[in-house]
Amino acid sequence: KMTQQMRDLQLAQARKPPGPSSPNAAKRLYRNLSGKFRVNYTSFDEGSLVGRGEKEKLRKSYLFQSNAALFEAVELQDIDRVQELLKQYSPEELDLNTPNSEGLLPLDIAIMTNNAPIARALLQAGAKESPHFVSLESRSLHLSTLVREAEQRVNELTAQVVNEAPNADCSEKEKQLKAWEWRYRLYKRMKAGFEHARVPDAPTNVHLSVASSSSVQVTFWEPLSVNSAVVTKYKVEWSCSPTFSPPLGEAVIDKLKNLHFTIRGLVSGTAYYVQVSAYNMKGWGPPQASVPPFAIPSNWREYDGRAPRRRGQAEALDHLLGQVKTVHQHCVCHEPCKNQPQSRKHSVSKSLKHLFHPGSKFLKTLKRGLYLTAIFYKDDNILVTHEDQIPVVEIDDTYSCLLMQDFLWFTKVSCMWDEILWLRQCVTVSQSSCSCILQTRFKMLLAISQMQGLLGIQDLGQVFFEPVKDKQGNILIVTLKEVKTNQTFESVRWVPICKLQTSRKSVSSPEEPTALDTLLISVQDKLAYHQRSSHALSPGLYLGYLKLCSAVDQIRVLVPERLPNILCHVKIRSNPNISREEWEWLQKMASVEEPVPAEPEAETSQNHLFQELQVAIKELMTLVNIPLPEAKDFRLYSQEVLDFGGQVSFLLLLPPSDDVCTAPGQNNPYTPRSGFLTLPLQIFELGEER
């Protein structure tokens with residue numbers, strides 16, 4: 001269908017008259033149609049259309065008009081209208097790269113009139129130059145022909161207007177004459193723009209870096225001067241010789257949104273030289289060599305041949321878990337579970353449609369004890385029971401002091417929501433030991449199973465990093481989960497959070513709110529934490545700051561509120577790879593006794609990294625409110641680069657060994673500004689894994 005549509009549009013364009021009928025025809029065309037372009041043709045009353053054929057004909061008519069309007073907007077240099085059309089229609093719908101009856105494309109008109117803003121907008125949308133211009137001579141000949149034909153048409157119409165008596169036909173001839181005079185001036189301006197243009201200067205800031213053991217990346221900026229012609233593409237060349245003889249390869253970049261290119265499939269340990277040149281309608285400009293002049297594909301692990309720390313760990317843990325399950329499969333403790341009625345097993349629904357029926361065991365009020373609550377949210381709505389309560393089940397009504405170790409154990413269980421039944425069976429064997437810890441943890445598993453059964457869903461989400469407590473002895477363990485699907489649920493209420501907060505009648509005083517009241521008051525903060533903790537960093541190399549503080553029962557780590565699953569950090573560069581040469585230099589820097597080592601040689605990757613680190617350290621010290629002179633005793637962690645999925649890597653900045661972890665009661669003179677929080681170390685590790 002689209003292919004036929006494109007053919008129809010091309011035929012329609014072939015029948016397009018050679019020019020507008022009046023000098024203001026172009027302006028009237030896209031101005032009068034501007035309101036229509038803002039209407040989606042599918043919004044028309046379906047009853048007013050005869051059938052699909054008429055709707056398709058109407059659609060083609062609108063697309064043809066949009067293509068014509070784009071040409072006229074470019075000719076009239078209306079950047080706002082061009083951007084509006086590019087936003088409203090796809091390149092295919094606009095026929096962005098189909099020449100008009102004069103053999104021109106919108107990009108040709110923009111670059112030959114030297115309208116850089118419109119040309120850049122078209123290039124970012126995927127516009128190309130006309131394929132008819134295979135050489136400078138062909139472009140010059142084509143422009144000369146357009147100017148000559150337009151001039152001839154102006155002369156003919158002028159003679160007709162002068163010789164004919166005034167009448168209706170004469171008035172129409174005058175309109176055509178003015179239109180052709182306007183087009184004649186346009187073609188002359190395009191021809192003059194082409195004749196005065198020169199090839200572009202060389203690109204600037206051409207930087208070469210090592211991307212991996214088999215690739216290098218080159219980044220660059222536009223030339224300082226394009227010599228009256230917009231650059232439409234770039235060429236990257238590489239060779240093992242500084243003279244580029246022989247060349248090893250080249251690549252042409254015509255998508256100019258991001259000016260960078262990664263050369264892949266290279267040999268590790270081999271030096272590669274790279275240069276970049278720019279192109280405009282007058283041809284290729286001079287090449288610019290990169291800085292540094294060459295790069296050697298490598299990775300920091302090649303320095304001492306170490307393997308990735310986590311290689312095979314996930315597989316080993318899965319194998320170990322399988323062995324544990326096999327050992328417990330025929331355990332005597334499972335016999336009581338085998339005799340349980342199957343109705344209990346199948347009571348867990350695969351959806352939330354049976355949620356919160358009148359016989360449910362969700363609690364309305366809290367007594368003194370330990371409880372589990374699950375918050376499911378979607379946009380600004382939260383899932384509640386028929387009684388407009390957040391789902392709460394009891395864990396232990398005799399447990400009024402939650403030990404940190406029990407809470408941390410619960411957070412680890414949250415990584416195995418699908419294995420709760422099996423974990424209950426494993427813990428059952430120790431019931432007779434009367435261990436308070438085991439009894440509490442078994443009750444936690446029972447509460448999880450109850451919540452899963454009542455909700456009809458296994459995954460209860462992520463555990464909030466600290467329980468909610470009140471002075472009455474109530475403790476709430478909170479789980480958070482975002483519902484992203486557009487499911488419709490029966491017997492379930494999605495209630496706006498603000499409405500739930502205002503409609504709930506508090507049963508406590510403002511001075512001593514209950515745990516449920518505290519949860520409702522702070523629910524937006526908890527949802528914001530949950531959303532931020534799932535955000536990922538953009539690819540690159542980062543400098544992280546490790547700061548710990550210890551308490552009686554836990555160690556906490558300093559993190560930013562905007563990304564609580566990551567250490568305090570600043571970005572060093574977009575390339576996450578540390579080359580062997582860079583790592584070797586870092587090792588030497590870490591081994592010297594002077595606080596400030598000598599700078600590496602200029603125009604090397606090590607020197608570039610040195611400059612990037614200087615900027616990053618200053619930025620990081622400002623972020624965490626540490627005076628720069630106090631950072632003179634800080635150290636870079638030189639044992640390894642922390643690698644997260646191959647796209648994000650970290651270098652760690654450590655305080656002096658005595659200050660890495662602040663002891664209880666120890667004064668920290670440099671308190672970070674607002675926007676930070678401290679997480680239990682185990683919670684941080686789990687969030688990092690997620």
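Helices (H or I, at least four residues) and strands (E, at least two) are DSSP runs, numbered from the N terminus. The views below show a predicted model, in which local features need pLDDT of at least 70 and side-chain atom pairs count only at pLDDT 80 or more, while totals for chains, interfaces and linings use all residues. Residues are numbered from 1 along each chain as its sequence is written, and side-chain values use heavy atoms, with hydrogens and water left out.

View A. Proline 223 is placed in the loop between strand 2 (215-221) and strand 3. With a relative accessible area of 7%, proline 223 is buried, a term that stands for under 20% relative accessible area, whereas exposed stands for over 50% and partly exposed for values in between (1.4 Å probe, protein chains only). Leaving aside residues up to four places away in sequence, proline 223 touches Pro200, Asp201, Ala202, Pro203, Thr204, Val231, Tyr234 and Ala278, where contact means heavy atoms within 4.5 Å. The C-alpha atom of proline 223 is separated by 9.1 Å from that of asparagine 205, and these two residues are 18 residues apart along the chain.

View B. The bond from serine 245 to proline 246 is cis, with omega near 5 degrees, and proline 246 is found in the loop between strand 3 (233-239) and strand 4 (249-253). A cis peptide bond also joins valine 291 and proline 292, where omega is about -5 degrees; proline 292 lies in strand 8 (residues 288-295).

**View C. Two asparagines with positive phi.** Asparagine 114 is not a glycine, yet has a positive phi of about 55 degrees, and is found in the loop between helix 7 (106-112) and helix 8 (116-124). Its relative accessible area of 39% makes asparagine 114 partly exposed. Asparagine 625, also a residue other than glycine, has a positive phi near 65 degrees and sits in the loop between helix 21 (605-623) and strand 20 (635-636). At 28% relative accessibility, asparagine 625 counts as partly exposed.

View D. Leu317, Leu320 and Val324 make a nonpolar surface patch of about 260 Å². Patches are made of residues with over 30% relative accessible area and no salt bridge, with like charges joined within 9 Å and nonpolar side chains (Val, Leu, Ile, Met, Phe, Trp, Tyr) within 5 Å. A salt bridge is a side-chain nitrogen of Lys or Arg within 4 Å of a carboxyl oxygen of Asp or Glu, and accessible areas come from the Shrake-Rupley method with a 1.4 Å probe, where for residues only the protein chains shown count as cover. Leucine 317 lies in helix 11 (residues 313-329) and, at 58% relative accessibility, counts as exposed.

View E. Four strands in the order 23-17-18-24 form an open sheet with mixed pairing, and its edge strands, strand 23 (661-662) and strand 24 (676-680), each pair on one side only. Two strands pair if DSSP finds at least two bridges between them; strand 17 (residues 548-550) and strand 18 (residues 555-560) pair in the antiparallel sense over three bridges, with serine 550 opposite isoleucine 555 in strand 18. Cysteine 661 is partly exposed, with a relative accessible area of 27%, and its sulfur is 6.9 Å from the closest cysteine sulfur, in cysteine 549, which is too far for a bond. A disulfide is a pair of cysteine sulfur atoms within 2.5 Å, and by this rule the count comes to zero disulfides.
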